[in-house]
Protein chains: 2
Amino acid sequence: MTSSELPAGFQFAGVACGIKPSGKPDLSLIVGDDRLVASGVYTQNQVVAAPVEICRSLTPSKRIRAVVTNSGNANACTGRQGALDAAEMCRSVADAISASEAEVLVMSTGIIGKKMPMDRVNAGIKNSVSKLGRDIDDFTAAADAILTTDKERKAECREVQLGEQTIRIAAMAKGAGMISPNLATMLAVVMTDAQLDPQQSQRILREVASKSFNCVSVDGHTSTNDTLLLLSSGASGVRIGDSNEKDFIRALTDLACRLARQLVADGEGATHVMKIRVVGADNDASAATIARTIGASPLVKTAISGGDPNWGRIVSAAGYADAKIHPQQTSLKLAGTEIYHNGVPTDFDAAEVSKAIKAKKEVDLDLFVGDGPGTAIHWASDLTVEYVRFNSEYTT
Amino acid sequence: MTSSELPAGFQFAGVACGIKPSGKPDLSLIVGDDRLVASGVYTQNQVVAAPVEICRSLTPSKRIRAVVTNSGNANACTGRQGALDAAEMCRSVADAISASEAEVLVMSTGIIGKKMPMDRVNAGIKNSVSKLGRDIDDFTAAADAILTTDKERKAECREVQLGEQTIRIAAMAKGAGMISPNLATMLAVVMTDAQLDPQQSQRILREVASKSFNCVSVDGHTSTNDTLLLLSSGASGVRIGDSNEKDFIRALTDLACRLARQLVADGEGATHVMKIRVVGADNDASAATIARTIGASPLVKTAISGGDPNWGRIVSAAGYADAKIHPQQTSLKLAGTEIYHNGVPTDFDAAEVSKAIKAKKEVDLDLFVGDGPGTAIHWASDLTVEYVRFNSEYTT
């Protein structure tokens with residue numbers, strides 16, 4: 001990643017303001033030189049954190065100036081005080097960059113149900129405004145400050161050719177626990193210097209999310225804070241329209257998929273990513289349901305973490321998914337070897353398949369469930385002793 | 001448990017026939033002195049083991065003579081050969097007790113996708129017929145021979161007073177992994193010497209299952225083999241009718257609940273049973289959905305195993321359940337202490353609540369989600385390092 005690949009019209013900063021006891025960066029700021037077009041998709045949880053309520057009410061919009069994100073505290077289940085605190089974060093940023101409160105979006109991630117330490121947050125916002133910059137180091141500082149239990153930074157940027165014209169796209173994300181379809185404790189911001197209008201931005205973002213962040217899971221637990229934003233500055237002067245929208249969506253989806261897969265690979269305790277491909281379902285939605293059900297089964301997840309070619313768990317997980325399969329036409333390839341064919345196991349070499357699973361970070365599960373037209377791909381993490389250990393010791 | 005508490009009209013045997021490499025008992029037989037009324041409820045999985053197909057086709061019935069069960073091999077995903085083998089088991093029992101093949105039910109549990117070692121199974125059937133008896137030791141031998149990864153026997157029997165009359169009921173079950181609502185790798189047989197007719201038996205069994213075995217989960221993985229049977233010999237001479245059916249159902253449900261809770265307590269690696277009570281949902285079905293979703297969340301399960309009063313995970317799991325909750329009216333008691341009230345955490349002593357969780361084998365989670373009439377109770381196991389370790393090393 002280089003500074004020249006970053007979209008024009010954005011500045012970035014990331015600082016430590018003391019929300020995290022570890023002293024790690026925990027306040028991230030993205031500011032547009034001018035007003036940004038912004039759209040968002042949000043958690044499907046009925047229990048919704050205060051910052052999500054604010055973002056929902058403000059997007060889609062063509063007048064967003066900044067996005068402020070804190071990590072270490074989710075500002076969820078914090079009642080009226082939480083709503084006041086989230087609004088204060090927006091106001092604090094607005095004051096510092098001469099914008100209005102309704103031009104600032106806010107995201108939070110971290111522990112649920114703790115009051116926000118607003119003195120530190122406000123000081124951190126001031127500090128971050130003073131550090132805004134356009135270099136790749138500023139971008140990665142902003143990306144680092146949204147992480148929680150993530151082991152690795154999730155950030156990408158690139159130049160994209162649309163016919164004769166060039167635009168830039170960039171994205172940052174955080175994940176680790178509570179990752180599930182329909183978003184998760186996942187925050188992600190996708191940025192571009194292409195020109196979009198608000199409704200178009202919203203429509204494009206939904207399409208991108210359905211093929212990227214909504215196709216991954218770690219533990220099936222949909223969080224209260226999930227937010228995915230698309231911000232466009234228009235600074236490239238390149239208008240997205242009929243002629244180039246398809247290519248633009250393809251580039252955004254590709255970038256989002258890279259981040260989504262990084263979320264899974266960096267899932268708490270994960271040692272493998274399962275790439276679950278379902279073919280032959282009645283329709284794409286059925287295929288997605290089957291893939292998701294397999295990815296959520298603790299028995300499948302533990303089998304993969306142990307390098308165990310236990311196809312019975314995979315086939316039976318498909319069988320209890322809320323979507324039709326045809327057991328007599330069901331076949332399974334695991335790590336490239338067909339181990340189940342039309343309802344009965346093949347005479348495969350279990351030790352060889354086990355070795356193949358263990359040797360790979362990403363393991364292919366290819367399941368054929370009939371001769372319908374439905375297909376789907378889902379990425380899920382495996383389940384390890386480390387996940388359980390980690391989540392048994394989170395707050396106490 | 002004493003021999004006199006066992007229902008009249010039944011004989012039992014359990015032997016080791018060599019299906020399990022460990023040499024532990026793996027063939028169980030229940031034989032009626034006369035024809036039994038039998039009903040069954042079965043797995044909701046679309047992938048169904050051969051023995052389940054046979055039981056489904058034969059129940060409800062008034063002419064069942066025996067139930068043969070093997071453990072160590074599930075006879076699932078075994079294609080046409082599996083269907084032939086399951087039928088051969090019925091025929092083998094029928095020949096030995098002078099009944100017809102269609103008068104014998106069959107259940108299997110164990111590893112999926114392996115051919116049944118029919119020589120050993122047939123020899124075991126002959127051996128078990130020679131050992132049939134009416135003593136409590138015969139009953140427990142039959143109960144032991146259906147176990148797989150269970151650490152403890154699940155068997156109960158008792159006398160029940162219905163007005164002036166006395167009947168006896170007994171039940172055996174096996175569980176351990178793949179335990180989920182709508183049954184699981186769960187086999188259970190409930191027996192009584194009361195008189196029932198087949199349709200009545202079927203109706204009563206559904207009602208009992210909905211309040212017992214369908215209210216428990218270990219890992220949410222519905223197996224291919226789940227079977228719950230109700231057998232009645234009528235040997236007590238006590239006819240169940242309008243005057244005593246309610247009391248009879250209550251006694252059966254109570255017995256079934258005891259076994260269902262034992263399944264959860266003995267779930268693979270489990271250190272706690274969560275008793276999840278949901279109150280105030282729109283209706284009972286909604287309450288059950290919410291309770292089941294909480295019980296299935298890996299984040300909730302790991303919090304409880306770690307003694308962590310992490311209410312945020314519980315409330316957010318309720319929030320993503322496919323049933324309406326009212327976040328501003330949502331309150332939670334954990335191990336007897338209110339830690340969340342109308343949408344915000346209370347000022348509870350986390351160390352005290354943690355101590356209370358750790359001190360208990362059964363932990364109460366009481367969740368209030370609104371002022372609707374719907375309530376439900378669900379028992380689920382917690383998730384431990386041992387579950388993951390065990391299931392990562394199952395076949396390889």
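1. The unreviewed UniProt entry lists A:Thr148, A:Lys174, A:Thr185, A:Glu268, A:Asn391 and A:Thr396 under "binding site"; such annotations may be inferred rather than shown by experiment. The model is predicted: local features need pLDDT of at least 70, side-chain atom pairs count only at pLDDT 80 or more, and totals for chains, interfaces and linings use all residues. Residues are numbered from 1 along each chain as its sequence is written, chains are lettered from A in the order in which they are written, and side-chain values use heavy atoms, with hydrogens and water left out.

2. One of the listed residues, A:Lys174, is found in strand β6 (residues 165-174) of chain A; strands here are DSSP runs (E, at least two residues). A:Lys174 counts as buried because its relative accessibility is 0%, where buried means under 20% relative accessible area with a 1.4 Å probe, protein chains only. Its side chain makes a polar contact with the side chain of A:Thr109 at 2.9 Å. A polar contact is a pair of N or O atoms within 3.5 Å; within protein, one must be able to donate a hydrogen and the other to accept it, and residues adjacent in sequence count only if both atoms are side-chain atoms.

3. Turning to the interface, 56 residues of chain A are in contact (heavy atoms within 4.5 Å) with 56 residues of chain B. Between the two chains, eight residue pairs are in polar contact, both residues being at pLDDT 80 or more.

Key. Helices (H or I, at least four residues) and strands (E, at least two) are DSSP runs, numbered from the N terminus. Buried means under 20% relative accessible area, exposed over 50%, partly exposed in between (1.4 Å probe, protein chains only).
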